[in-house]
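Come along and check each entry with me.

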Amino acid sequence: MRFVEFANLEPGLVKSSGLVNEPFRDAEAKSSKMSQAEITNMKQQKQQPVPLGTLIGRELRSEKLDKPTLKYGQAALAKKGEDYFLIKTDYQRVLGNPSTSFSVFAIFDGHNGISAAIFAKENLLNNVLSAIPEGIGREEWLQALPRALVAGFVKTDIEFQQRGETSGTTVTFVVIDGWTVTVASVGDSRCILDTQGGVVSLLTVDHRLEENVEERERVTASGGEVARLNVFGGSEVGPLRCWPGGLCLSRSIGDTDVGEFIVPIPHVKQVKLSNAGGRLIIASDGIWDLVSSDNAAQSCRGLPADLAAKLVVKEALRSRGLKDDTTCLVVDIIPSERPILPLTPKKKQNLLTSLIFGKRYQDSANRTNKLSTVGVVEELFEEGSAVLAERLGKEFPLESNSGLLRCAICQVDQPPSEGLSINAGPFFLCANCHRKKDAMEGKKRQVDQL
(Lines give C-alpha, C1' and ligand atoms only; values in the text may rest on other atoms or scores of the structure.)
Protein backbone atom coordinates (compact mmCIF):
# COMPACT_ATOMS: atom_id res chain seq x y z
CA MET A 1 0.00 0.00 0.00
CA ARG A 2 1.32 3.44 -0.89
CA PHE A 3 1.39 6.28 1.61
CA VAL A 4 -1.26 8.94 1.10
CA GLU A 5 0.28 12.13 -0.23
CA PHE A 6 -1.35 14.67 2.01
CA ALA A 7 0.35 17.53 0.18
CA ASN A 8 -2.07 17.02 -2.69
CA LEU A 9 -5.15 17.33 -0.49
CA GLU A 10 -7.03 20.51 0.25
CA PRO A 11 -5.86 22.39 3.37
CA GLY A 12 -7.55 21.30 6.58
CA LEU A 13 -8.59 17.79 5.49
CA VAL A 14 -6.32 15.93 7.91
CA LYS A 15 -6.48 18.25 10.92
CA SER A 16 -8.21 15.61 13.05
CA SER A 17 -5.30 13.18 12.64
CA GLY A 18 -3.02 15.43 14.67
CA LEU A 19 -0.89 16.63 11.76
CA VAL A 20 0.06 20.30 11.68
CA ASN A 21 -2.23 22.23 9.40
CA GLU A 22 -0.02 25.04 8.16
CA PRO A 23 -2.53 26.70 5.80
CA PHE A 24 -5.06 26.92 8.64
CA ARG A 25 -2.43 28.39 11.00
CA ASP A 26 -1.56 31.05 8.39
CA ALA A 27 -5.22 31.99 8.17
CA GLU A 28 -5.36 32.57 11.92
CA ALA A 29 -2.27 34.79 11.74
CA LYS A 30 -4.13 37.06 9.30
CA SER A 31 -7.25 37.23 11.44
CA SER A 32 -6.60 40.84 12.44
CA LYS A 33 -7.37 41.86 8.88
CA MET A 34 -10.67 39.90 8.67
CA SER A 35 -14.05 40.26 10.28
CA GLN A 36 -15.06 37.77 12.96
CA ALA A 37 -17.76 36.35 10.65
CA GLU A 38 -15.21 35.71 7.90
CA ILE A 39 -12.89 33.97 10.34
CA THR A 40 -15.68 31.76 11.69
CA ASN A 41 -16.80 30.81 8.19
CA MET A 42 -13.24 30.03 7.18
CA LYS A 43 -12.73 27.77 10.20
CA GLN A 44 -15.92 25.87 9.49
CA GLN A 45 -14.87 25.25 5.90
CA LYS A 46 -11.30 24.22 6.72
CA GLN A 47 -11.98 22.12 9.82
CA GLN A 48 -14.24 19.60 8.05
CA PRO A 49 -12.18 16.42 8.63
CA VAL A 50 -12.01 13.47 6.27
CA PRO A 51 -11.45 10.16 8.09
CA LEU A 52 -8.19 8.42 7.34
CA GLY A 53 -10.10 5.33 6.23
CA THR A 54 -11.83 7.40 3.57
CA LEU A 55 -8.51 8.72 2.31
CA ILE A 56 -7.05 5.22 2.15
CA GLY A 57 -10.17 3.96 0.39
CA ARG A 58 -9.84 6.67 -2.24
CA GLU A 59 -6.20 5.73 -2.73
CA LEU A 60 -6.97 2.03 -3.12
CA ARG A 61 -9.81 2.70 -5.57
CA SER A 62 -7.52 4.90 -7.61
CA GLU A 63 -4.85 2.18 -7.57
CA LYS A 64 -7.29 -0.48 -8.78
CA LEU A 65 -8.26 1.71 -11.71
CA ASP A 66 -4.61 2.28 -12.55
CA LYS A 67 -4.22 -0.81 -14.76
CA PRO A 68 -1.25 -0.94 -17.08
CA THR A 69 -1.44 -0.71 -20.84
CA LEU A 70 -0.31 -3.73 -22.86
CA LYS A 71 1.53 -3.27 -26.14
CA TYR A 72 2.67 -6.39 -27.94
CA GLY A 73 4.34 -7.58 -31.11
CA GLN A 74 5.09 -10.91 -32.78
CA ALA A 75 7.67 -12.11 -35.28
CA ALA A 76 8.51 -15.57 -36.61
CA LEU A 77 10.43 -17.43 -39.30
CA ALA A 78 9.66 -21.07 -40.05
CA LYS A 79 12.17 -23.81 -40.79
CA LYS A 80 10.04 -26.87 -39.89
CA GLY A 81 6.69 -25.14 -39.37
CA GLU A 82 6.21 -26.59 -35.86
CA ASP A 83 6.03 -23.35 -33.81
CA TYR A 84 2.62 -21.94 -32.84
CA PHE A 85 1.61 -19.05 -30.62
CA LEU A 86 -1.49 -17.81 -28.82
CA ILE A 87 -2.49 -14.22 -28.05
CA LYS A 88 -5.67 -13.50 -26.09
CA THR A 89 -6.18 -9.95 -24.82
CA ASP A 90 -8.98 -8.60 -22.62
CA TYR A 91 -10.19 -12.09 -21.68
CA GLN A 92 -12.75 -11.69 -18.87
CA ARG A 93 -12.92 -13.73 -15.68
CA VAL A 94 -16.53 -12.60 -15.30
CA LEU A 95 -18.26 -12.35 -18.66
CA GLY A 96 -19.49 -8.81 -19.33
CA ASN A 97 -17.31 -7.23 -16.64
CA PRO A 98 -14.31 -5.43 -18.25
CA SER A 99 -12.71 -4.85 -14.83
CA THR A 100 -12.05 -8.61 -14.60
CA SER A 101 -10.04 -8.75 -17.83
CA PHE A 102 -6.68 -10.48 -18.22
CA SER A 103 -4.46 -11.43 -21.15
CA VAL A 104 -2.68 -14.60 -22.27
CA PHE A 105 0.43 -14.97 -24.42
CA ALA A 106 1.86 -18.42 -25.19
CA ILE A 107 4.32 -20.22 -27.45
CA PHE A 108 4.06 -23.91 -28.40
CA ASP A 109 7.19 -25.41 -29.97
CA GLY A 110 6.22 -28.76 -31.48
CA HIS A 111 8.46 -31.70 -32.30
CA ASN A 112 7.89 -34.95 -34.17
CA GLY A 113 4.93 -33.28 -35.84
CA ILE A 114 2.52 -30.43 -35.20
CA SER A 115 -0.49 -32.18 -33.64
CA ALA A 116 0.47 -31.67 -29.98
CA ALA A 117 1.28 -27.98 -30.49
CA ILE A 118 -2.04 -27.32 -32.22
CA PHE A 119 -4.00 -29.31 -29.63
CA ALA A 120 -2.37 -27.45 -26.72
CA LYS A 121 -2.99 -24.10 -28.37
CA GLU A 122 -6.69 -24.90 -28.80
CA ASN A 123 -7.39 -26.52 -25.42
CA LEU A 124 -4.91 -25.50 -22.73
CA LEU A 125 -6.48 -22.16 -21.78
CA ASN A 126 -9.95 -23.62 -21.28
CA ASN A 127 -8.52 -26.50 -19.25
CA VAL A 128 -6.71 -24.07 -16.95
CA LEU A 129 -9.77 -21.88 -16.44
CA SER A 130 -11.98 -24.88 -15.70
CA ALA A 131 -9.75 -25.72 -12.72
CA ILE A 132 -10.33 -22.33 -11.02
CA PRO A 133 -13.36 -22.13 -8.68
CA GLU A 134 -16.12 -19.84 -9.90
CA GLY A 135 -17.33 -16.75 -8.08
CA ILE A 136 -14.07 -15.82 -6.38
CA GLY A 137 -12.45 -12.39 -6.24
CA ARG A 138 -9.33 -11.27 -8.09
CA GLU A 139 -6.83 -11.97 -5.29
CA GLU A 140 -8.24 -15.46 -4.74
CA TRP A 141 -8.22 -16.02 -8.50
CA LEU A 142 -4.55 -15.10 -8.73
CA GLN A 143 -3.69 -17.38 -5.81
CA ALA A 144 -5.61 -20.28 -7.40
CA LEU A 145 -3.97 -19.75 -10.81
CA PRO A 146 -0.63 -21.60 -10.20
CA ARG A 147 -2.45 -24.75 -9.09
CA ALA A 148 -4.95 -24.46 -11.94
CA LEU A 149 -2.08 -24.20 -14.43
CA VAL A 150 -0.71 -27.53 -13.17
CA ALA A 151 -4.14 -29.17 -13.49
CA GLY A 152 -4.68 -27.65 -16.94
CA PHE A 153 -1.31 -28.82 -18.29
CA VAL A 154 -1.82 -32.39 -17.02
CA LYS A 155 -5.41 -32.55 -18.31
CA THR A 156 -4.31 -31.33 -21.76
CA ASP A 157 -1.58 -33.98 -21.85
CA ILE A 158 -4.02 -36.77 -20.86
CA GLU A 159 -6.55 -35.69 -23.48
CA PHE A 160 -3.93 -35.50 -26.23
CA GLN A 161 -2.38 -38.85 -25.41
CA GLN A 162 -5.82 -40.46 -25.65
CA ARG A 163 -5.77 -39.53 -29.35
CA GLY A 164 -2.93 -42.01 -29.92
CA GLU A 165 -0.61 -39.52 -31.65
CA THR A 166 3.09 -39.37 -30.84
CA SER A 167 4.08 -35.74 -31.35
CA GLY A 168 4.97 -33.46 -28.46
CA THR A 169 5.32 -29.78 -27.67
CA THR A 170 6.99 -27.41 -25.28
CA VAL A 171 4.77 -24.72 -23.76
CA THR A 172 5.49 -21.31 -22.30
CA PHE A 173 2.19 -19.89 -21.07
CA VAL A 174 1.95 -16.34 -19.68
CA VAL A 175 -1.07 -14.83 -17.89
CA ILE A 176 -1.06 -11.07 -17.25
CA ASP A 177 -3.62 -9.60 -14.84
CA GLY A 178 -2.88 -5.96 -14.03
CA TRP A 179 0.69 -5.77 -12.77
CA THR A 180 0.79 -9.50 -11.90
CA VAL A 181 2.50 -11.89 -14.32
CA THR A 182 2.18 -15.68 -13.99
CA VAL A 183 4.32 -17.93 -16.19
CA ALA A 184 3.98 -21.72 -16.57
CA SER A 185 6.39 -23.67 -18.73
CA VAL A 186 7.48 -27.13 -19.82
CA GLY A 187 10.41 -27.67 -22.17
CA ASP A 188 13.00 -25.16 -23.34
CA SER A 189 11.05 -22.18 -24.62
CA ARG A 190 11.76 -19.21 -22.38
CA CYS A 191 10.23 -16.05 -20.95
CA ILE A 192 12.39 -13.20 -19.65
CA LEU A 193 11.45 -9.96 -17.94
CA ASP A 194 13.28 -6.70 -18.70
CA THR A 195 12.53 -3.82 -16.33
CA GLN A 196 13.05 -0.08 -16.29
CA GLY A 197 16.16 -0.48 -14.16
CA GLY A 198 17.84 -2.63 -16.78
CA VAL A 199 17.51 -5.88 -14.80
CA VAL A 200 16.87 -9.00 -16.89
CA SER A 201 15.11 -11.80 -14.98
CA LEU A 202 14.42 -15.36 -16.14
CA LEU A 203 10.81 -16.37 -15.41
CA THR A 204 11.10 -19.94 -16.71
CA VAL A 205 13.36 -22.96 -16.18
CA ASP A 206 14.83 -24.95 -19.07
CA HIS A 207 13.85 -28.64 -18.88
CA ARG A 208 16.76 -29.91 -20.92
CA LEU A 209 18.36 -33.09 -19.67
CA GLU A 210 21.79 -31.79 -20.67
CA GLU A 211 21.56 -28.81 -18.30
CA ASN A 212 19.18 -29.86 -15.51
CA VAL A 213 20.68 -32.31 -13.00
CA GLU A 214 17.49 -32.57 -10.91
CA GLU A 215 15.47 -33.57 -13.95
CA ARG A 216 18.01 -36.21 -14.99
CA GLU A 217 17.80 -37.77 -11.55
CA ARG A 218 14.00 -37.68 -11.58
CA VAL A 219 13.75 -39.33 -15.01
CA THR A 220 16.12 -42.18 -14.14
CA ALA A 221 14.39 -42.73 -10.79
CA SER A 222 11.06 -43.01 -12.65
CA GLY A 223 12.32 -45.68 -15.05
CA GLY A 224 13.86 -43.76 -17.94
CA GLU A 225 17.42 -44.04 -19.21
CA VAL A 226 19.46 -40.90 -19.88
CA ALA A 227 22.33 -41.17 -22.36
CA ARG A 228 23.73 -39.68 -25.53
CA LEU A 229 23.12 -41.12 -28.97
CA ASN A 230 25.41 -44.04 -29.73
CA VAL A 231 26.80 -44.19 -33.24
CA PHE A 232 28.78 -46.85 -35.06
CA GLY A 233 32.00 -47.59 -33.20
CA GLY A 234 30.61 -46.93 -29.75
CA SER A 235 31.18 -43.18 -29.66
CA GLU A 236 28.51 -40.89 -28.17
CA VAL A 237 27.30 -37.73 -29.87
CA GLY A 238 24.79 -34.96 -29.28
CA PRO A 239 23.02 -33.84 -26.12
CA LEU A 240 21.76 -36.11 -23.35
CA ARG A 241 18.51 -37.79 -24.30
CA CYS A 242 15.86 -39.90 -22.60
CA TRP A 243 15.40 -43.45 -23.85
CA PRO A 244 13.15 -44.84 -25.19
CA GLY A 245 12.29 -42.10 -27.63
CA GLY A 246 15.47 -40.05 -27.70
CA LEU A 247 13.89 -36.83 -26.41
CA CYS A 248 16.35 -34.28 -25.00
CA LEU A 249 13.63 -32.67 -22.84
CA SER A 250 12.36 -33.93 -19.49
CA ARG A 251 8.96 -32.18 -19.61
CA SER A 252 6.48 -31.63 -22.42
CA ILE A 253 2.89 -32.14 -23.48
CA GLY A 254 2.37 -35.24 -25.64
CA ASP A 255 5.29 -37.54 -26.55
CA THR A 256 3.25 -40.70 -25.96
CA ASP A 257 5.99 -42.94 -27.38
CA VAL A 258 8.71 -41.65 -25.05
CA GLY A 259 7.40 -42.65 -21.64
CA GLU A 260 5.26 -40.99 -19.01
CA PHE A 261 8.26 -40.01 -16.91
CA ILE A 262 8.43 -37.15 -19.42
CA VAL A 263 5.87 -35.13 -17.49
CA PRO A 264 3.56 -32.21 -18.38
CA ILE A 265 3.80 -30.66 -14.88
CA PRO A 266 4.97 -27.07 -15.42
CA HIS A 267 7.36 -24.88 -13.53
CA VAL A 268 5.25 -21.90 -12.37
CA LYS A 269 6.46 -18.47 -11.33
CA GLN A 270 4.27 -15.51 -10.37
CA VAL A 271 5.60 -11.98 -9.88
CA LYS A 272 4.14 -8.52 -9.39
CA LEU A 273 5.72 -5.61 -11.22
CA SER A 274 6.00 -2.12 -9.82
CA ASN A 275 4.00 0.56 -11.60
CA ALA A 276 7.13 1.31 -13.63
CA GLY A 277 6.21 -1.79 -15.66
CA GLY A 278 8.45 -4.01 -17.73
CA ARG A 279 8.91 -5.92 -20.98
CA LEU A 280 8.37 -9.66 -21.48
CA ILE A 281 10.23 -11.50 -24.24
CA ILE A 282 8.72 -14.94 -24.88
CA ALA A 283 10.46 -17.07 -27.49
CA SER A 284 11.08 -20.61 -28.68
CA ASP A 285 14.49 -22.28 -28.45
CA GLY A 286 15.25 -21.22 -32.00
CA ILE A 287 15.93 -17.84 -30.43
CA TRP A 288 17.56 -18.88 -27.15
CA ASP A 289 19.98 -21.34 -28.74
CA LEU A 290 21.61 -18.35 -30.43
CA VAL A 291 20.91 -15.31 -28.23
CA SER A 292 21.39 -14.89 -24.48
CA SER A 293 18.70 -13.34 -22.30
CA ASP A 294 20.78 -10.22 -21.76
CA ASN A 295 21.53 -9.74 -25.45
CA ALA A 296 17.90 -10.24 -26.45
CA ALA A 297 16.79 -7.57 -24.01
CA GLN A 298 19.55 -5.12 -24.90
CA SER A 299 19.09 -5.50 -28.64
CA CYS A 300 15.57 -4.09 -28.66
CA ARG A 301 15.41 -1.55 -25.82
CA GLY A 302 13.80 1.72 -26.79
CA LEU A 303 11.82 0.16 -29.65
CA PRO A 304 8.05 -0.46 -29.74
CA ALA A 305 7.00 -4.06 -29.16
CA ASP A 306 6.31 -4.98 -32.79
CA LEU A 307 9.73 -3.79 -33.99
CA ALA A 308 11.40 -5.30 -30.92
CA ALA A 309 10.09 -8.79 -31.75
CA LYS A 310 11.42 -8.53 -35.30
CA LEU A 311 14.81 -7.36 -34.09
CA VAL A 312 15.15 -10.26 -31.63
CA VAL A 313 14.49 -12.73 -34.46
CA LYS A 314 16.99 -10.89 -36.65
CA GLU A 315 19.56 -11.02 -33.85
CA ALA A 316 19.12 -14.80 -33.59
CA LEU A 317 19.70 -15.28 -37.31
CA ARG A 318 22.79 -13.09 -37.38
CA SER A 319 25.27 -15.80 -36.38
CA ARG A 320 24.14 -19.04 -38.05
CA GLY A 321 21.12 -18.25 -40.16
CA LEU A 322 17.79 -20.06 -39.95
CA LYS A 323 18.49 -23.49 -38.37
CA ASP A 324 15.21 -23.93 -36.48
CA ASP A 325 11.77 -22.36 -36.19
CA THR A 326 12.15 -18.98 -34.49
CA THR A 327 9.15 -17.37 -32.80
CA CYS A 328 9.19 -14.32 -30.54
CA LEU A 329 6.48 -12.43 -28.66
CA VAL A 330 7.29 -9.10 -27.00
CA VAL A 331 4.83 -7.70 -24.46
CA ASP A 332 5.23 -4.30 -22.82
CA ILE A 333 3.42 -3.83 -19.50
CA ILE A 334 3.52 -0.09 -18.99
CA PRO A 335 1.71 2.89 -17.49
CA SER A 336 -0.48 4.48 -20.14
CA GLU A 337 1.69 7.59 -20.32
CA ARG A 338 4.85 5.63 -21.19
CA PRO A 339 4.73 4.12 -24.69
CA ILE A 340 7.94 2.03 -24.56
CA LEU A 341 10.78 1.09 -22.26
CA PRO A 342 13.61 3.62 -22.49
CA LEU A 343 17.18 2.77 -23.35
CA THR A 344 19.26 1.72 -20.33
CA PRO A 345 23.04 2.07 -19.99
CA LYS A 346 24.74 -1.28 -20.40
CA LYS A 347 26.69 -0.91 -17.17
CA LYS A 348 23.45 -1.40 -15.27
CA GLN A 349 22.70 -4.78 -16.82
CA ASN A 350 22.35 -7.77 -14.56
CA LEU A 351 21.00 -11.31 -14.84
CA LEU A 352 18.91 -12.89 -12.08
CA THR A 353 18.00 -16.54 -12.53
CA SER A 354 15.34 -18.51 -10.69
CA LEU A 355 15.61 -21.59 -8.48
CA ILE A 356 13.37 -24.46 -9.50
CA PHE A 357 11.99 -25.77 -6.24
CA GLY A 358 10.50 -24.84 -2.94
CA LYS A 359 8.86 -21.40 -2.97
CA ARG A 360 5.17 -21.21 -2.14
CA TYR A 361 2.65 -18.65 -1.09
CA GLN A 362 3.43 -17.06 2.27
CA ASP A 363 1.87 -14.34 4.37
CA SER A 364 2.69 -11.01 2.78
CA ALA A 365 4.58 -9.89 5.89
CA ASN A 366 6.91 -12.89 5.60
CA ARG A 367 7.48 -12.94 1.83
CA THR A 368 11.07 -12.94 0.74
CA ASN A 369 12.03 -12.04 -2.77
CA LYS A 370 15.42 -12.25 -4.39
CA LEU A 371 14.25 -9.77 -7.03
CA SER A 372 13.00 -7.19 -4.54
CA THR A 373 16.52 -5.89 -4.00
CA VAL A 374 16.25 -3.98 -7.25
CA GLY A 375 12.92 -2.50 -6.20
CA VAL A 376 11.00 -3.43 -9.33
CA VAL A 377 9.56 -6.94 -8.86
CA GLU A 378 7.84 -8.74 -6.00
CA GLU A 379 7.97 -12.51 -6.20
CA LEU A 380 4.64 -14.03 -5.17
CA PHE A 381 5.05 -17.72 -5.98
CA GLU A 382 7.51 -20.19 -7.50
CA GLU A 383 7.36 -23.97 -7.67
CA GLY A 384 8.86 -26.52 -10.03
CA SER A 385 8.36 -29.91 -8.39
CA ALA A 386 7.32 -32.75 -10.69
CA VAL A 387 5.38 -34.49 -7.90
CA LEU A 388 1.71 -33.96 -8.66
CA ALA A 389 0.54 -34.33 -5.04
CA GLU A 390 2.87 -31.50 -4.01
CA ARG A 391 1.62 -29.21 -6.77
CA LEU A 392 -2.11 -29.62 -6.13
CA GLY A 393 -1.65 -28.69 -2.48
CA LYS A 394 -3.83 -29.21 0.57
CA GLU A 395 -6.55 -26.69 -0.14
CA PHE A 396 -7.98 -28.12 -3.34
CA PRO A 397 -11.82 -28.34 -3.04
CA LEU A 398 -12.97 -31.90 -2.44
CA GLU A 399 -16.56 -31.59 -3.59
CA SER A 400 -18.60 -29.74 -6.16
CA ASN A 401 -21.92 -28.07 -5.39
CA SER A 402 -23.69 -31.26 -6.46
CA GLY A 403 -22.21 -33.20 -3.55
CA LEU A 404 -20.19 -35.43 -5.88
CA LEU A 405 -16.42 -35.68 -5.74
CA ARG A 406 -14.72 -33.61 -8.44
CA CYS A 407 -11.44 -34.76 -9.92
CA ALA A 408 -8.73 -32.15 -9.34
CA ILE A 409 -7.36 -32.71 -12.86
CA CYS A 410 -10.18 -33.47 -15.30
CA GLN A 411 -12.87 -31.60 -13.29
CA VAL A 412 -15.37 -34.46 -13.76
CA ASP A 413 -17.84 -35.14 -10.93
CA GLN A 414 -18.10 -38.76 -9.78
CA PRO A 415 -19.59 -40.68 -6.85
CA PRO A 416 -16.93 -41.40 -4.19
CA SER A 417 -17.04 -45.15 -4.86
CA GLU A 418 -16.01 -44.73 -8.49
CA GLY A 419 -12.68 -43.01 -7.90
CA LEU A 420 -9.55 -43.05 -5.84
CA SER A 421 -8.23 -40.53 -3.34
CA ILE A 422 -4.57 -39.60 -2.99
CA ASN A 423 -3.22 -39.93 0.52
CA ALA A 424 -0.71 -37.11 0.08
CA GLY A 425 -3.42 -34.45 0.03
CA PRO A 426 -7.12 -33.97 0.68
CA PHE A 427 -8.09 -33.92 -2.97
CA PHE A 428 -9.66 -36.43 -5.29
CA LEU A 429 -8.42 -37.98 -8.53
CA CYS A 430 -10.58 -40.13 -10.76
CA ALA A 431 -9.22 -43.55 -11.69
CA ASN A 432 -7.84 -42.35 -15.03
CA CYS A 433 -6.01 -39.35 -13.57
CA HIS A 434 -4.74 -41.47 -10.68
CA ARG A 435 -3.17 -43.87 -13.19
CA LYS A 436 -1.53 -40.88 -14.89
CA LYS A 437 -0.08 -39.73 -11.57
CA ASP A 438 1.34 -43.20 -10.84
CA ALA A 439 2.85 -43.45 -14.32
CA MET A 440 4.59 -40.07 -14.01
CA GLU A 441 6.11 -41.17 -10.69
CA GLY A 442 7.25 -44.54 -12.01
CA LYS A 443 4.80 -46.51 -9.88
CA LYS A 444 3.00 -47.96 -12.88
CA ARG A 445 6.22 -49.56 -14.09
CA GLN A 446 6.86 -51.11 -10.69
CA VAL A 447 3.35 -52.57 -10.55
CA ASP A 448 3.67 -54.02 -14.04
CA GLN A 449 6.84 -55.86 -13.02
CA LEU A 450 5.10 -57.69 -10.13
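This is a predicted model: local features need pLDDT of at least 70, side-chain atom pairs count only at pLDDT 80 or more; totals for chains, interfaces and linings use all residues.

I looked up strand β4 (residues 168-177) and found it joined to strand β5 (residues 180-186) by seven bridges, with the two running antiparallel. Strands are DSSP runs of E with at least two residues, helices are runs of H or I with at least four, and both are numbered from the N terminus; two strands pair if DSSP finds at least two bridges between them. Phe173 stands opposite Ala184 in β5. The β4 and β5 hairpin has two residues between its strands, and there I noted Gly178 with a positive phi near 65°.

Residues are numbered from 1 along each chain as its sequence is written, and side-chain values use heavy atoms, leaving out hydrogens and water.

Next I checked the other neighbours of β4. β3 pairs with β4 in the antiparallel sense over nine bridges, and Ser103 has Ile176 as its bridge partner.

Is β4 enclosed or open? Ten of its ten residues are buried (under 20% relative accessible area, with exposed over 50% and partly exposed in between, using a 1.4 Å probe and protein chains only), so β4 is largely enclosed by the rest of the structure.

Last, I looked at rings. Tyr91, Phe102 and Trp141 form one aromatic cluster; rings of Phe, Tyr and Trp (its six-membered ring) pair if their centres lie within 6.5 Å, and planes under 30 degrees apart count as stacked, over 60 as edge-to-face and the rest as tilted. Both Phe102 and Trp141 are buried.
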